2 protein chains.
Amino acid sequence: MTELPIDQVRTLLAVVDEGTFDAAAAALHVTPSAVSQRIKTLEQRVGRVLLMRTKPVRPTESGQVVVRFARQLAALNEDARRELGIAGEPGPARLSIAVNADSLATWFLPAVTPVPRDPPVCFELYREDETRTAELLREGRVMAAVTSSPDPVAGCLVRPLGLARYLPAANPDFVARHRSGRLRRWLPGAPVIVFDQADELQDRFVRALSGVDAAEHRHHVPTSEGFRDAVAAGLGWGLVPEPQARPLLESGALVELEPGLHWDVPLYWQQWKLDVRALALVADTITAAAAEALHPLPS
Amino acid sequence: MTELPIDQVRTLLAVVDEGTFDAAAAALHVTPSAVSQRIKTLEQRVGRVLLMRTKPVRPTESGQVVVRFARQLAALNEDARRELGIAGEPGPARLSIAVNADSLATWFLPAVTPVPRDPPVCFELYREDETRTAELLREGRVMAAVTSSPDPVAGCLVRPLGLARYLPAANPDFVARHRSGRLRRWLPGAPVIVFDQADELQDRFVRALSGVDAAEHRHHVPTSEGFRDAVAAGLGWGLVPEPQARPLLESGALVELEPGLHWDVPLYWQQWKLDVRALALVADTITAAAAEALHPLPS
């Protein structure tokens with residue numbers, strides 16, 4: 001690829017972030033036709049369409065590469081200015097990180113909140129299924145992700161975090177009402193809680209156990225704590241993150257469907273290969289906290 | 001509009017739900033070219049483009065009207081079959097509801113979990129900002145929503161729920177570090193937690209108080225409990241839902257920025273004007289629970 005003119009790259013980023021050519025023009029203090037001209041010139045130079053002209057506009061696959069490049073450039077520039085002390089009022093470093101909901105609800109937040117305030121850091125957290133966080137990294141929306149995929153996204157490095165353990169559990173009355181014979185016989189017919197339409201955790205577990213999907217009688221409860229509460233209230237069974245399940249098992253609000261049986265999801269940290277100080281600091285903090293909170297990955 | 005052929009309408013719904021023509025063809029057990037032909041015929045009949053051929057495909061504004069029609073049709077059909085007892089194995093009624101995160105984390109789930117199991121109901125909950133839940137209703141993605149908008153979506157009826165109260169709060173050390181003079185002077189400069197990019201609650205509050213936006217030094221923490229935990233950990237101040245703030249105020253983990261000062265968000269229930277039994281039952285349960293949990297709306 002020939003060298004990309006910085007103003008055109010920044011314009012593309014502004015259009016993606018603002019959603020329309022008009023909004024990008026306002027943000028950049030130029031006319032909409034200047035924005036449109038820059039994007040056209042950039043597309044001609046790259047030889048690819050970079051934006052789908054939807055509402056809001058969305059980057060094509062090639063556009064995503066340029067967006068990621070633009071964000072990395074901005075992060076490096078910001079970091080250099082801060083280290084050189086030439087930024088009048090540098091403002092805090094922005095760290096955009098995609099995290100799966102269960103990590104966010106258990107070990108992630110306590111890990112990052114003590115991150116030192118000097119240099120100041122702003123967290124921009126995105127909540128996504130662990131199978132889709134890598135997608136946000138690929139699109140250039142975030143600079144790091146907690147993901148279930150060990151395959152590095154282009155331009156990213158991977159560090160293992162550990163195994164997140166889930167316990168198949170339900171309310172004791174629910175179990176009394178639905179249990180008949182062996183778990184693998186009755187579980188596929190019992191009402192189930194899933195996180196959202198993309199959540200396949202329960203289905204994968206039941207397939208491993210019984211060779212079929214979980215019941216069609218299912219509730220979608222798209223928050224981690226809500227999921228746990230819905231299981232405890234007896235709406236259905238579900239795979240509850242171990243740290244959330246423990247206190248409820250002890251109080252008797254939940255019972256394990258089969259003591260000792262669990263489902264582990266490997267988690268990895270993926271981040272841009274960039275020498276940005278704040279990002280390195282956070283990566284170290286997070287991998288250390290994960291080593292404490294998660295089960296070790298088989299080596 | 002001339003009468004819409006049911007098979008074409010159902011095909012459109014399948015394409016929107018499955019995301020691609022190929023997946024819809026597989027779900028409907030027909031060829032992809034049959035799917036494509038039906039959509040084209042429907043578009044000619046309506047005289048409008050109904051689908052944007054993106055990946056995944058998305059309904060246009062006209063397409064959304066047809067999608068909503070298709071879902072209402074399916075719900076009515078299901079309800080009639082259940083009442084007539086002609087559904088071999090009727091399966092539970094699916095209720096898709098969009099709820100804002102803070103309601104989901106506080107009063108909503110305890111309200112719906114005791115909904116009787118007879119007739120059996122499946123909840124399909126969507127988590128969205130209260131300013132955007134009405135959009136899901138408009139798009140036909142959900143049949144009901146907890147929303148901040150009292151303006152009825154086309155084809156929907158509105159019932160008031162109450163005022164959700166938010167308390168401006170922070171960790172006591174945070175306040176000691178940032179307070180100087182009056183709240184309206186120091187608050188716009190202090191680090192703030194917001195839910196996500198669309199969350200304007202904190203900005204609206206600071207604008208009402210000081211005439212400017214909240215600080216650019218902001219963290220995005222996109223879960224209700226994570227938001228509360230980030231405020232309690234001292235990452236920034238934030239507007240914490242009253243039921244979540246109370247125990248932390250009592251334990252001293254949080255302090256109110258100005259005792260007595262709060263921000264109220266009116267909430268409404270909007271739902272399809274449809275005589276579906278399960279929906280009516282849930283609507284009654286939810287409005288009764290909201291009347292208990294929320295503050296009364298000024299009449």
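These notebook entries record what I looked up in a predicted model with chains A and B.

**Entry 1: domains of chain A**

I began with the domain assignment of chain A, which gives domain 1 as 6-64, domain 2 as 68-162 + 265-293 and domain 3 as 165-264. I then looked at how domain 1 of chain A meets domain 2 of chain A. Their C-alpha centres lie 26 Å apart. I found six residues of domain 1 of chain A in contact with eight residues of domain 2 of chain A. The area buried between these two domains is about 650 Å², and carbon and sulfur atoms give 60% of that. On the domain 1 side, the residues that lose the most area to domain 2 of chain A are Val9(A), Leu13(A) and Gln64(A), which together make up 70% of what that side buries.

**Entry 2: α1 against α3**

Next I looked up helix packing in chain A. Helix α1 of chain A covers residues 6-18, and helix α3 of chain A covers residues 32-46. I noted an angle of about 115 degrees between them, with their axes 9 Å apart. Because 65 to 115 degrees counts as roughly perpendicular, α1(A) is placed in that class relative to α3(A). The crossing in which α1(A) passes α3(A) is left-handed. From α1(A), the contact takes in Asp7(A), Gln8(A), Val9(A), Thr11(A), Leu12(A) and Val15(A). From α3(A), the partners are Val35(A), Arg38(A), Ile39(A), Thr41(A), Leu42(A) and Arg45(A). Sorted by class, I have six nonpolar, three polar and three charged residues in the contact of α1(A) with α3(A).

**Entry 3: α2 against α3**

Helix α2 of chain A runs over residues 21-28 and packs with α3(A) at an angle of about 105 degrees, the axes being 8 Å apart. I therefore logged α2(A) and α3(A) as roughly perpendicular to each other. Phe21(A), Asp22(A), Ala24(A), Ala25(A) and Leu28(A) are the residues that α2(A) brings to this contact. They meet Pro32(A), Val35(A), Ser36(A), Arg38(A) and Ile39(A) of α3(A). The class count for the contact of α2(A) with α3(A) is seven nonpolar, one polar and two charged.

**Entry 4: α1 against α2**

For the pair α1(A) and α2(A), I have an angle of about 120 degrees and axes 8 Å apart. That makes α1(A) oblique to α2(A). Here α1(A) passes α2(A) in a right-handed crossing. In α1(A), the residues in the contact are Thr11(A), Ala14(A), Val15(A) and Glu18(A). In α2(A), they are Phe21(A), Ala23(A), Ala24(A), Ala27(A) and Leu28(A). I count seven nonpolar residues, one polar and one charged in the contact of α1(A) with α2(A).

**Entry 5: chain B against chain A**

I turned to the interface between the chains. On it, 34 residues of chain B are in contact with 34 residues of chain A. The area buried between chain B and chain A is about 2900 Å², with 58% given by carbon and sulfur atoms. In chain B, Leu109(B), Thr113(B) and His220(B) lose the most area to chain A, together 15% of what that side buries.

**Entry 6: Asp196(B)**

Last, I looked up Asp196(B). I located Asp196(B) in the loop between β7 (192-194) and α10 (201-210) of chain B. Leaving aside neighbours within four places in sequence, Asp196(B) is in contact with Arg132(B) and His220(B). His220(B) is also one of the residues of chain B listed as losing the most area to chain A. I also checked Ala134(B), which is 62 residues from Asp196(B) along the chain, and their C-alpha atoms are separated by 18 Å.

Methods: Residues are numbered from 1 along each chain as its sequence is written. Chains are lettered from A and ligands numbered from 1 in the order in which they are written. This is a predicted model: local features need pLDDT of at least 70, side-chain atom pairs count only at pLDDT 80 or more; totals for chains, interfaces and linings use all residues. Side-chain values use heavy atoms; hydrogens and water are left out. Axes are lines fitted to C-alpha atoms, for helices over the stretch in contact, and angles run from 0 to 180 degrees between N-to-C directions. Helices (H or I, at least four residues) and strands (E, at least two) are DSSP runs, numbered from the N terminus. Angles under 35 degrees count as roughly parallel, over 145 as roughly antiparallel, 65 to 115 as roughly perpendicular and the rest as oblique. A crossing is left-handed if the near helix is turned anticlockwise from the far one by less than a right angle, and right-handed if clockwise. Contact means heavy atoms within 4.5 Å. Ala, Val, Leu, Ile, Met, Phe, Trp, Tyr, Cys and Pro count as nonpolar, Asp, Glu, Lys and Arg as charged, and the others, Gly among them, as polar. Domain bounds come from an automatic or database domain assignment. Buried area is the accessible area (1.4 Å probe) that two parts lose on being put together, summed over both.
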